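Here is a friendly briefing to read alongside the model. Please keep the viewer open as you go through the points.

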Amino acid sequence: MSNTPSASTVPDPAASQRRIRARGRSYLALILSPEAPLDSWLQALDAQLARSPDFFRSRPLILDLELMTPDAAGLAELQEALRQRGLNIIGIEGGQRDWPALKGWDWPSRLNGGRATGPVALPEEPAPAPLASSGETLVVEGPVRSGRSIENPDGDLIILGAVSSGAEVVAAGSIHVYGPLRGRAIAGIAGNAQACIYTTRLEAELLALNGYYMVSEELTADWIGQPARIQLQDDQLILHPLDAERR
């Protein structure tokens, strides 16, 4: 029998030089904290979903059971009840796997790290429909308040007002905010590397273009509160002044 290595087992000299590519992507996950009695809490959740059906849609959620007791009525059925409502649970905190009521639960992989961002205000009223649309550009007149999420999956998004902290604006194309941008702006979601973010006052919690992102801690003091254009260049977010006289 020959001991000559087969082609599949011969080491490739170039393999050690091959570059493994990786990049980060940040998502804001909401922490949902159910309270007893669970039947009443689920009724309140249904009312919230009726007011703002798009707010939780496809948004990653972490279920925090800190306020629950092991013998809470309805706890065994809670996970399935949330699934039936279309909620995307990516993590569970606060409970113990050995609780009898949780024996039948599916436990997602444990999430490590993460940075708390404080309370998120849920919409108290139904979100008004965008007031104008031209082709693939979506125009929203007025502010985007905390807790709201507005998305244009087909083109640019123009906001004629402020984007509050805790709000989110998302577009396949570019995003234009004619007012303070204090929340999250995510542009180029359809793989558009040419998309940009424009704002007359930059105070954003998160900026993202084509999967690359920048968080508020990365904004230097000279950019905060300034009019800016953000573009993607060499896999990095680059800031440019809108006012040519400023620099």
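Among contacts in the protein chain (heavy atoms within 4.5 Å) between residues at least 6 apart in sequence, 39% join residues at least 24 apart. This is a predicted model, where local features need pLDDT of at least 70, side-chain atom pairs count only at pLDDT 80 or more, and totals for chains, interfaces and linings use all residues. Residues are numbered from 1 along each chain as its sequence is written, and side-chain values use heavy atoms, with hydrogens and water left out.

**The chain as a whole**

- The protein chain has 2 helices and 15 strands; these are DSSP runs numbered from the N terminus, with helices being H or I of at least four residues and strands E of at least two.
- Of the 247 residues in the protein chain, 38% are buried; buried stands for under 20% relative accessible area, exposed for over 50%, and partly exposed for the range in between, with a 1.4 Å probe and protein chains only.

**The five-stranded sheet**

- An open sheet of 5 strands runs in the order β6-β8-β10-β12-β13, with mixed pairing; two strands pair if DSSP finds at least two bridges between them.
- At the edges of this sheet lie β6 (149-152) and β13 (212-215), each pairing on one side only.
- On average, neighbouring strands of this sheet are turned by 5° against each other, direction ignored; axes are lines fitted to C-alpha atoms, for helices over the stretch in contact, and angles between N-to-C directions run from 0 to 180 degrees.
- Strand β10 (residues 184-187) pairs with strand β12 (residues 206-209) in the parallel sense over 4 bridges, and A185 stands opposite L207 in β12.

**Salt bridges**

- There are 6 salt bridges, counted where a side-chain nitrogen of Lys or Arg is within 4 Å of a carboxyl oxygen of Asp or Glu.
- E203 forms one of them with R182, with 2.8 Å between the closest N and O atoms.
- This pair links distant parts of the chain, 21 residues apart: E203 sits in the loop between β11 (197-202) and β12, and R182 in the loop between β9 (175-181) and β10.
- E203 is partly exposed at 22% relative accessible area, and R182 is partly exposed at 33%.
- R201 also forms a salt bridge with E203, the closest N and O atoms being 2.5 Å apart; R201 is partly exposed, at 35%.
- R184 and E205 meet through their side chains in a salt bridge of 3.3 Å, N to O.
- Here too the pair links distant parts of the chain, with R184 in strand β10 and E205 in the loop between β11 and β12, 21 residues apart.
- R184 is buried, with a relative accessible area of 6%, while E205 is partly exposed at 26%.
- Salt bridges that share partners join E168, R184 and E205 into one network.

**Backbone details to look up**

- The peptide bond from A36 to P37 is cis, with omega near -5°; P37 is in the loop between β1 (30-32) and α1 (38-51).
- N210 is not a glycine, yet has a positive phi of about 50°; N210 is in the loop between β12 and β13 and is buried, at 18% relative accessible area.
- D234, a residue other than glycine, has a positive phi near 55°; D234 is in the loop between β14 (228-233) and β15 (236-241) and is exposed, at 69%.
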